[in-house]
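Work through the exercises below with the sequence and the 3D structure at hand. Try each task before reading its solution.

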Amino acid sequence: MGPVVLSQAGSVPPLTAEILLVFAIVAVALVLFVLEPLPIDIVALAVLVSLIVLEPWTGVGAETGVGGFASSATLTVLAMFVISEGIRRTGLINMIGDAIAERYGSSQYKQLLAVLGLSGGTAGFINNTPVVAVMIPMVSTLSERTGISPSKLLIPISYTAMLGGMLTLIGTSTNILASDVSARLIGQPFSMFEFTQLGALVLLTGVVYLGTVGPLLIPERIKTGDKLIDEFGMAEYLTEVVVTENSDLVGLTVAQSVAQLNVEGDVIQVIRDERVYTEPLARKEIRPGDILVLRTDQQSVMTFLETEGLELAPDAPVSEDTLDATAEELEPSTNQELVEIVVAPGASILGKTLETLSFRDRYDATVLAIRRGGDVIHARMDERKLRPGDTLLVQASETTVKRFANDRDFIVAQSLTLPDFRSERIPVALGIVGAVVGLAAFEVLPIVVSSLGGIVAMVATGCVKPEEVYQSVDWSVIFLLAGLIPLGVAMERTGAAEWLAAVILLVTAGLSPALVLGLFYLFTALITNLISNNASVVLMIPVAVEAATEIGADPFTFVLAVTFGASTAMLTPIGYQTNLMVYGPGGYKFTDFLRVGAPLQLLLAVVTTVGLLVFWGV
């Protein structure tokens, strides 16, 4: 096919008040998505309400607006969260991770390829968030065995999990949403394995790049062999002091003493008669001769040494062995340990502070530091609003660490085997996933029906307990989908998509349809780094369909270009939830994702465009 030639001598439709209004709503939504003064799901609901209220201009009535909640895409995504939870609860991925650590723990190269294969291969059939959540502690174990920095593995794992989602229709919520939009606009939804051949090519390209070029570009932000206390720069913030007979703290509880000290810090441990007391400490009374392990800066230490009747302990520097202690209370002993826990994307505690959460009392754990990307925060931690990907250095008992591991708000970065798994149900859970996929693939049932049936089967067989069903769903994604689906309808009905397509084609006049296809892929890939990938397909697919129709190209090929582009948010840590998950544990800087992801993004632009031309044509 030759260069693009616009109909009507390259004319652009008139810019009506309706189109301008929709663009204004889109512009405000995009700004709010990027700046996040509100959660993105709330922004999506605000978009929905705005479209309905302004129905005379947007063309979206109440029935159409709330229809996103009843959309087959929304219900299918909801079901897949529960089905993925069923697989996670069996511990299957953890068991595979253990096998990888055992078999390939001595070879860095084989280890890298094995973890990339695991993250990419499994992401095609279950949600990639739990896959990456399981692999973060697995990487910690592998790092200890081989000496390879976790930084060298975590970005590749996130990227391959992203690319693995393009193997099947159910690989990501974006695919399911794009299929729904494609069905509405051109009457052609995606089948289960519609683009598996291209997805496999893209995944293979990513694995080869990340296995060869990637290690050369990824910096070693976390040094292997470093203790956690060193990784988080705690040497200057932990001190042992002795309580003298004349100290003002004698007779006070730990909670009262912390309030009286009036400094940024905590009492981490109380050592008395060679016994170590840890959380819960708030009500423990301080006695003369007690040794207090303090978390605070050196200037504050010197201040209250002079004013509170405290003295530096003979062995004032605190080591990791000091904190990995055994608390001997009247109750049975409880082993204490230092662990990293990552605040998960979509966690209920996002936007809250350690103070408002009463974190110490709520979890019986003490936060020593917060790592946000490559920065470590020691001062004013209690006032910092928690963000997705924040990594907390926590001292806690084994029981508390196990609670963290089973809490969907957190990802424990140190252990593979803490949660209580239902390994005896692995065959059942796999059978249910196979049935869901098979029934949809052979068109026995629509994917929305087979996936909802999968929920029933997971609960009926005990793979997922009834109370876990609602906990397993990322409701922010559900509300985001339901809120954005009507926006695509408004783009279509007001002519906004047609107007944008005409402008794009005017700018690209003279280029071949193949190049225009590649530009749609690349532009979608760029904007999805800043806004939700689901928002990207809702905004871009209507425009891509209009552009393809205008130049006489195949609209379905353009839909696929946008769909694939939306799943390559590789330039920033905020572009995709798995990037945020590895941001803190890898100790990365913001620009590390650009350094590694930009060449891969350009490579995939070429590979994907060529693959689309070969498999579907233009």
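**Exercise 1. Find which rings are linked with Phe190 into a cluster by ring pairs, and describe the pair of Phe190 and Phe556.**

Step 1. Rings of Phe, Tyr and Trp (its six-membered ring) pair if their centres lie within 6.5 Å; planes under 30 degrees apart count as stacked, over 60 as edge-to-face and the rest as tilted. Ring pairs join Phe190, Phe195, Phe556 and Phe564 into a cluster.

Step 2. The model is predicted: local features need pLDDT of at least 70, side-chain atom pairs count only at pLDDT 80 or more, and totals for chains, interfaces and linings use all residues. Residues are numbered from 1 along each chain as its sequence is written, and side-chain values use heavy atoms, with hydrogens and water left out.

Step 3. The whole structure holds 16 aromatic pairs. In one of them, Phe190 and Phe556 are edge-to-face, with 5.8 Å centre to centre and 75 degrees between the planes.

Step 4. Locate the two partners. Phe190 is in the loop between helix H10 (173–186) and helix H11 (196–212), and Phe556 is in helix H27, 366 residues apart. Helices (H or I, at least four residues) and strands (E, at least two) are DSSP runs, numbered from the N terminus.

Step 5. Check burial, where buried means under 20% relative accessible area, exposed over 50% and partly exposed in between (1.4 Å probe, protein chains only). Phe190 has 6% relative accessibility, so it counts as buried. Phe556 has 2%, so it is buried as well.

**Exercise 2. Describe the aromatic pair of Tyr363 and Phe410.**

Step 1. This pair is edge-to-face, at 5.5 Å centre to centre and 90 degrees between the planes.

Step 2. Tyr363 belongs to helix H18 (residues 359–363) and Phe410 to strand S11 (residues 410–412), 47 residues apart. Both Tyr363 and Phe410 are buried.

**Exercise 3. Find the strands that pair with S4, and explain why S4 is largely enclosed.**

Step 1. Two strands pair if DSSP finds at least two bridges between them. Strand S1 (residues 238–243) pairs with S4 in the antiparallel sense over 5 bridges; here Leu238 has Arg295 as its bridge partner in S4.

Step 2. Strand S2 (residues 266–272) also pairs with S4 in the antiparallel sense, over 5 bridges. Val270 has Leu292 as its bridge partner in S4.

Step 3. Of the 5 residues of S4 (residues 291–295), 4 are buried, so the strand is largely enclosed by the rest of the structure.

**Exercise 4. Which residues touch the most other members of the largest nonpolar core?**

Step 1. A nonpolar core is a set of buried Ala, Val, Leu, Ile, Met, Phe, Trp, Tyr and Cys residues joined through side-chain atoms within 4.5 Å. The largest has 139 residues, and Tyr159, Phe520 and Phe558 touch the most other members. Helix H26 (residues 533–551) gives the largest share of this core, 12 residues.

Step 2. Now take Phe558. Beyond four places in sequence, its contacts (heavy atoms within 4.5 Å) include Pro513, Phe520, Ala548 and Val618.

**Exercise 5. Describe the surroundings of Ser151.**

Step 1. Ser151 is in helix H9 (residues 151–164). Its relative accessible area is 0%, so Ser151 is buried.

Step 2. Not counting residues up to four places away in sequence, Ser151 touches several residues, among them Ile218, Arg221 and Tyr588. A polar atom of the Ser151 side chain lies 3.2 Å from the backbone nitrogen of Arg221.

Conventions. A polar contact is a pair of N or O atoms within 3.5 Å; within protein, one must be able to donate a hydrogen and the other to accept it, and residues adjacent in sequence count only if both atoms are side-chain atoms.
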